[in-house]
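Please report on the metal site, the aromatic pairs and the pockets of this structure. Keep it brief.

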Amino acid sequence: MFKIQVQDKKSSARAGIQKTAHGIIKTPFFMPVATKGGVKHISSIELKQMGVHALISNGLILSLTPGLEVIKKHGTIHDFMNFHGSIFTDSGGFQIIRETLFISISDKGIIFKDLFNGGKKILLTPEECVRRQNILGSDVAMCLDDMQHFGNTKEVYKTALERTHAWALRCQKAHKNRKQLLFGITQGGTCLDLRKESCEFFAEHPFDGYAIGGLGLGEGITNVNKVAEISNEYLPKDKMRYMMGIGNPSEIINAVSRGMDCFDSIFPTRNGRHGTIYTGKGRIHLKNSSFRMDTKPLDSNCDCFTCKNYTRAYLKHLLKQNEMLGLRLLSLHNVHFLTKLMEKIRKNIIAGEFPAFKKSMKRYYEGID
Ligand SMILES: [Zn+2]
């Protein structure tokens, strides 16, 4: 299902392909986030047009609203969203950090408040989590994990780790949709010995691919680098490695050089909505007064819809006036930029030029090592 096509000689970067029931994903790649079934401000048709082959939604949220029966009436989640590329579904483990949803956790499962249906309590067990994702028909289901906030004690991470491992085995047992891949999620916070333990556990208990969970929570680029290194060392080389919650160009480039293949994050759309824009020459902050009279596109080398049609000054104006159109155009550009960045990274790995590419980006993005 996963094949490495080119292994970079000077780093751990690799270019590969991941087969799913909806085609081939070329790795490394970035997935936009569609938690409730929609990427903020961007339609599934537009995603396809910009070359997005995979996205991630959320099995728990969609099963609560609109409900599995509504999606089943369409066929699968692909038919519901009218996106026929590969769809990953997250399990609901991430929602532990959502104070409005989370009630409690035990070895049995997670109790959530179903805010979409009058606030009643629901128990999400590993088995139930997999059952819901099986019905949604996503290409890749994620195991239920116990994901803790950044900055916890080692004891908290250790308990979460053990629970995550036990739940992964229960998920595997409950997994019935043979067209769907099931990925395990490693945990361990920023404790590298726990990260190693988690990787070793999953190396002994094979899954279709592996996610590195519990990141993108404010731990900083140095910690992300270290977790990527240890995951690269101890996770099986012949399966896809998916760093959850990572979506900033510096972190992605560093992680790719450490053998990571897949990323997702809400940052490109959220940053776009706040006027922080990625370009080939670094970030710009559109709220700065210097853009008031700027008639250039956001990025002169970008061929997205926004850059082809609008100036920085116009976009700044829309943003300042909180016009919906501005939020949409800026989100479009940022997701397009990251999609094209991943294509460039892949092309450079295949051409044997990845280390030089990484070096060239250092000038523009802080934190690339
Ligand atoms: Zn653009």
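In this predicted model, four residues coordinate the zinc ion: Cys-302 (SG), Cys-304 (SG), Cys-307 (SG) and His-333 (ND1). The distances run from 2.1 to 2.3 Å. The site has 4 donor atoms, and the angles among them are 101 to 116°. Because four donors count as tetrahedral if all angles lie between 85 and 135 degrees, the site of the zinc ion is tetrahedral. The donor residues follow the spacing C-x1-C-x2-C-x25-H in sequence.

Cys-302 has a relative accessible area of 14% and is buried. Cys-307 is buried too, at 9% relative accessibility.

Next, the aromatic rings. The count comes to 9 aromatic pairs. One of them joins Phe-29 and Phe-88, with ring centres 6.3 Å apart. Their planes stand at 55°, so this pair is tilted. Phe-29 belongs to strand 4 (residues 29–31) and Phe-88 to strand 7 (residues 86–90), so the contact ties together parts 59 residues apart in sequence. Phe-29 is buried, at 6% relative accessible area. Phe-88 is buried as well, at 0%.

Another pair is made by Phe-305 and Tyr-310, whose ring centres lie 6.3 Å apart. Here the planes meet at 65°, so the pair is edge-to-face. Both partners are partly exposed: Phe-305 at 46% relative accessibility, Tyr-310 at 26%.

There is also an aromatic cluster, formed by Phe-29, Phe-88, Phe-183 and Tyr-242.

The largest pocket has a volume of about 880 Å³. Its lining holds 38 residues, and Val-33, Thr-35, Phe-94, Arg-98 and Ile-266 lie nearest the centre. Strand 5 (33–34), strand 6 (54–58) and helix 9 (267–273) each give two or more residues to this lining. Helix 9 gives the most, with 4 residues.

The second largest pocket holds about 310 Å³ of space. It is lined by 15 residues, with Asn-301, Phe-337, Lys-340, Leu-341 and Lys-344 nearest its centre. Helix 12 (324–350) and helix 13 (354–362) are the elements that give two or more residues to the lining of the second largest pocket. Which helix supplies the largest share of this lining? Helix 12 does, with 7 residues.

Notes. Residues numbered from 1 in each chain as written. Predicted model: local features only at pLDDT ≥ 70, side-chain atom pairs only at ≥ 80, totals over all residues. Heavy atoms only, no water. 1 Å grid on protein atoms, 1.4 Å probe; cavity = no way out; pocket = protein on both sides within 12 Å on 5 of 7 lines; lining within 4 Å. Points joined across faces, edges and corners; volume = space filled by probe spheres on them. Donors = N, O, S within 2.8 Å, 3.2 Å for Na, K, Ca; no water. Tetrahedral: all angles 85-135°; square planar, octahedral: opposite > 155°, others 65-115°. Buried < 20%, exposed > 50% of the residue type's maximum accessible area, 1.4 Å probe, protein only. Phe/Tyr/Trp six-rings, centres within 6.5 Å; stacked < 30°, edge-to-face > 60°.
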